[in-house]
Amino acid sequence: MLISFPLQGYGTYSIILSSVHTLCSFAFIILFFRATACSSSIALILAKTALLFCALSSIGPFGLGYFKSNGLEHSNLYRFAIYFYLHFQYNGFFFFGILSLFIKLMEDSPQPHSGNRVRRACYVLVGACVPAYFLSILWSRPSVVFNVIGFLTGAVQLAAFCMILQPIKTFINHAHLSSAARLLYSLSFVALAMKFILQ
């Protein structure tokens, strides 16, 4: 994949390798769910959600193979499949995977945090991830309905981020972190805030 994507983009070899990678991911997801069946912490729920979004994103590469084999590689459907994959990788798999690790740090910390508030905010973020896909295809100038859905989704995600912001700030300020770690956490959440505002 490292060689094929720079050389040919979404070409035959890169799509085949991406599909093999996806099948291996499915095997990992099954093993992970089996190994963690007895726990239900919010961090683990987010980790499982991240993996489900990883699986969902695989529709994109499989769609690319179908569209390419039918001569549709220059169509909007082909591009929609690319953005489907990228959206659910970045905003689903990556985001919730990283968030689950951070929430795990909060759960393991002796510092008190607003568990119910964090849980509710995380559920809202998960629910908003699917309709947020429409933000990725607004370039194609679809019906204004998609703009409205995109705007509402962005507003809901920003509200959920604001819900989780205070517990995160409290954790960062009271956790036993080095000044470099505290700075990196702070910069990460500033970047995340900018992402939600720009949406």
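The cover over the buried residues of helix 3 includes helix 2 (12-35), helix 4 (59-69), helix 5 (76-108) and helix 6 (115-129). Helices are DSSP runs of H or I with at least four residues, numbered from the N terminus. The model is predicted: local features need pLDDT of at least 70, side-chain atom pairs count only at pLDDT 80 or more, and totals for chains, interfaces and linings use all residues. Residues are numbered from 1 along each chain as its sequence is written, and side-chain values use heavy atoms, without hydrogens and water.

Helix 3 spans residues 42-57. Of its 16 residues, 12 are buried, so helix 3 is largely enclosed by the rest of the structure. Buried means under 20% relative accessible area (1.4 Å probe, protein chains only). Among the buried residues are I42, L46, K48, F53 and S57.

Helix 5 packs against helix 6. Their axes come within 11 Å and cross at roughly 170 degrees. Helix 5 is therefore roughly antiparallel to helix 6 (angle over 145 degrees). Axes are lines fitted to C-alpha atoms, over the stretch in contact, and angles run from 0 to 180 degrees between N-to-C directions. Contact means heavy atoms within 4.5 Å. H87, F88, N91, G92, F95, F96, L99, I103 and M106 in helix 5 meet V118, C122, L125, V126 and C129 in helix 6.

Helix 5 also packs against helix 7 (residues 144-174), at an angle of about 55 degrees with the axes 11 Å apart. L99, F102, I103, L105 and M106 in helix 5 meet I164, P167, I168, F171 and I172 in helix 7.

How values were computed
Helix = DSSP H or I, 4+ residues; strand = E, 2+ residues; numbered from the N terminus. Expected span 1.5 Å × (residues − 1). Buried < 20%, exposed > 50% of the residue type's maximum accessible area, 1.4 Å probe, protein only. Parallel < 35°, antiparallel > 145°, perpendicular 65-115°, else oblique.
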